[in-house]
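Please look over the sequence and the structure before reading on.

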Amino acid sequence: KKIAPAVAKKAPGKFIFHLVGKKLPPDLERLCVGNIKAEGFIESLAEFLNQMDIALVPSLLGAGMQQKIFEPLARGIPTVTSPRGLAGYPFRDKEHLLLAKTKDEFAEQIIRLQDVNLRRKLSANALTLCQQIFSRDKLDAIVQQGLNSL
């Protein structure tokens, strides 16, 4: 409701927002005009995400790291999200992703991502960190440690 109009005001015609999800509230659906598109439930999320340049995930509720935050990071999609959604994972602002808390901060961070070099840097760094944290060897070691402690 707030971020897309703020971006459109500061950078008219530069961004298209795609809202993804099965149950879009009616008050949000009414706002989906022009550069804001309601995509609904996406059958092939991988294909859809492969077409995205930037992921915006204003994660404001819930516990732990949200899948919707991890998915674009693991695919190397430059991501703007809320700090609370990282749940202690070592992703750092301006190194792996961009963090924001307010409407204006989100708008500023999205606009910063017009810089192709910044997008490339965030993408490469996020991919590298995701591979370190979630590699098969790392996950196997965690499972083995759990089994050993039984």
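Which residue in S4 is the bridge partner of Ala55? In this predicted model, Ala55 is bridged to Thr79 of S4. Strand S3 and strand S4 run parallel and are joined by three bridges. The open sheet to which they belong has three strands, in the order S3-S4-S5, with parallel pairing. S3 and S5 are the edge strands, each pairing on one side only.

The strands of this sheet cover the following residues.

| Strand | Residues |
|---|---|
| S3 | 55–57 |
| S4 | 79–81 |
| S5 | 98–99 |

As a whole, the chain contains seven helices and five strands, and along the sequence these follow the pattern α-β-α-β-α-β-α-β-β-α-α-α. Its C-alpha atoms fill a box of roughly 55 × 35 × 30 Å along the principal axes. Of the 150 residues in the chain, 33% are buried. Of the contacts between residues at least 6 apart in sequence, 51% join residues at least 24 apart.

Helix H1 (residues 3–10) and helix H5 (residues 103–112) have axes that come within 9 Å and cross at roughly 50°. The two helices are therefore oblique to each other, and the crossing of H1 with H5 is right-handed. On the H1 side, the contact involves Ile3, Ala6, Val7 and Lys10. These meet residues of H5 including Phe106, Ala107, Ile110 and Ile111, as well as Lys103, Asp104 and Glu108. By class, the contact of H1 with H5 has seven nonpolar residues, four charged residues and no polar ones.

Notes: Residues numbered from 1 in each chain as written. Predicted model: local features only at pLDDT ≥ 70, side-chain atom pairs only at ≥ 80, totals over all residues. Heavy atoms only, no water. Pairing = 2+ DSSP bridges. Helix = DSSP H or I, 4+ residues; strand = E, 2+ residues; numbered from the N terminus. Axes fitted to C-alpha atoms, helices over the stretch in contact; angles between N-to-C directions. Parallel < 35°, antiparallel > 145°, perpendicular 65-115°, else oblique. Left-handed = near helix turned anticlockwise from the far one by under 90°. Contact = heavy atoms within 4.5 Å. Nonpolar A, V, L, I, M, F, W, Y, C, P; charged D, E, K, R; others polar. Buried < 20%, exposed > 50% of the residue type's maximum accessible area, 1.4 Å probe, protein only.
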